[in-house]
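Hi,

Here is the structure I promised to pass on to you. Have a look at it first, and my notes follow below.

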Amino acid sequence: MSGNKEQTYLQLAPEFGSTKFGPFLGVEIRLGSDPAANDITLPEAYGIAPEHVKILIQPDGSFIIAPTQRSATVYAFRGQGRPKQVTSPMAVGPGDSIALATPEGPRFYLLRERPQQAGDDIETPQDAIDAARRGLNAGGVWEEMKRVGVAKVVTSNAGHFLQQAWTFIKSGSFLKPRYIVMGMGIAAGWVMACGAGGSAAWFQQAASKANTGLEQCEADLDVERGRSGAIEDQSIPGLTGAILNDRTRWEETLSGDDAFRQAYYTEYKKYATSDKIKRLEPVIDGRSRSFIGFKRALESSQLPANLARIMAFLAAPENAVEGREWSLVQDSTGERACGRGPAQLTYRQGKNLGIVPLQVNALVDQFVAVGSDLAEKKAALQKMGGAGLEFAEDEVATAEVGAQGEKQCLHIAGEDARTDARAVASLLGTRFGPNAPRLPEENDQYWQLARIMSFYASDAGYGYDRLSFPSSTAPSVVLDDMTPSEKEYVLKESASLVARTVAVYCSAALGSEEPPEHLPDIPGWADCLILDWLVKQET
């Protein structure tokens, strides 16, 4: 029965009141000082950051601990062992504990327990007293005296000095030339003054440091052996590839195309550190019918499955309004433009991709759209569709986009295939399928990225039909033939599409116990958490 399954609890150490929190039914627990962002809120006065640490619950009942902010200090205690500062995602198990800010800061034990059922023996106050009496012994009192004593030493001025000294050594600062020269002078004085006693102390310190280093190596090896579940590759390219369901090719792509890799890091951080991902909640929870419809249409096209998985997110931009045919987008010139249909295609993209039928459109101010000056409307549409474009006044239609309709999409009325998800998917399958011309063959190093960039390059003004992506050349290098604004546009939009795909799948993995029906093959929680942490460390 589900009621007998073990659940996760966090319990404060006795010196902080022994309060038990939980059960936590999700896969992620957040601790910090911001009540709006965390499951457990702690006072900022303890040195707690607004979002301090994440605890990710693994399927096997173990946990992954990761500081949420670079400045957030977290220490992990395995059993009764000494604290180890968590500087990257670390695996711990039930019964282990973590302390926030300092080793003596708020300390939580991570517990996995079966919830109490009807009919279970319920502890009475007398039971608790009897249990406490049985646990009262000289050893327990001595251990508590040691703990209190250590806490007082570490939090004293001398203790702070020792912690700063250890940080000075661990960070490598002591190897800087100015400190070496200073140390030589100090060491010379020590040798003269202390003689053999100083040498003995030095050897004792070296032995202690070596022992500490060995313990840390063993702890790191324990993590690598997979207490978190055998993570193959903890690099950003490798983890991204795993999440995109094509580890080898995307790892090669991100490792081989420096410009795209940096653009991807930048775009992913926007989803990880802002409310952009919140705007995609209808996509994550399945409420966006336009996304689901476009995704299914792509899955029925000639596009390979892994590429269709990414291209589906053309219908999931964070600025989209469900059910609205028109949207406000940025084009390759850096100007705002009208996007139409589920994929938000501009008129120039539709024309270069060969979409038929296709109606010309232009973004205009509201007073132009609602005004009676046909010449002004004609000029705006001819700028996009060519000087030979002719139409009657009753053929012009408008659609509001942007806030309060201050901008409108002026367009010629009539059928436009950009609004048909199946038609667009079929065209993309033909233009970017396995046998598409001027693109790498399927499963070549850059085969997916070249197709994504080729799609966005279709918004370029001229030369799209001559654009070719050789299999041995990083796709961003091919973009050097474009104008700077066009190259920047293609890089940014391509990186945003990939980052959006990764962010949505990870949000689904971290936010639900069962994979959503419309987002199958969701990645592992550990991969997502570690990727999130690693990308945030990139400068």
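Lys487 is partly exposed, with a relative accessible area of 23%; in these notes, buried means under 20% relative accessible area, exposed over 50%, and partly exposed in between (1.4 Å probe, protein chains only). Lys487 forms a salt bridge with Asp480, and their closest N and O atoms are 2.4 Å apart. I count a salt bridge when a side-chain nitrogen of Lys or Arg is within 4 Å of a carboxyl oxygen of Asp or Glu. Asp480 is partly exposed too, at 46% relative accessibility.

Before you read on, please note that this is a predicted model: local features need pLDDT of at least 70, side-chain atom pairs count only at pLDDT 80 or more, and totals for chains, interfaces and linings use all residues. Residues are numbered from 1 along each chain as its sequence is written, and side-chain values use heavy atoms, with hydrogens and water left out.

Back to the charged pairs. The structure holds 18 salt bridges. In one of them, Lys20 pairs with Glu113, with 2.9 Å between the closest N and O atoms. Lys20 lies in strand β2 and Glu113 in strand β11 (residues 107-113), so this pair ties together parts that are 93 residues apart in sequence. Helices (H or I, at least four residues) and strands (E, at least two) are DSSP runs, numbered from the N terminus. Both partners are partly exposed, Lys20 at 38% and Glu113 at 28%.

Arg348 and Asp459 also meet in a salt bridge (3.4 Å, N to O). This pair links distant parts of the chain, 111 residues apart: Arg348 is in helix α12, and Asp459 is in the loop between α16 and α17 (475-478). Asp459 counts as buried, at 0% relative accessibility.

Some backbone details may interest you as well. The peptide bond from Gly22 to Pro23 is cis, with omega near 5°, and Pro23 is found in strand β2 (residues 20-24). Another cis peptide bond runs from Val356 to Pro357, with omega near -5°; Pro357 sits in the loop between α12 (347-353) and β14 (361-365).

Asn443, a residue other than glycine, has a positive phi near 80°. Its place is in the loop between α15 (421-432) and α16 (447-457), and it is partly exposed at 43%. Asp521 is not a glycine either, yet its phi is positive at about 60°. Asp521 is in the loop between α18 (484-511) and α19 (525-537), and is exposed at 52%.

For the whole chain, there are 19 helices and 16 strands, and 44% of the 539 residues count as buried.

Best wishes
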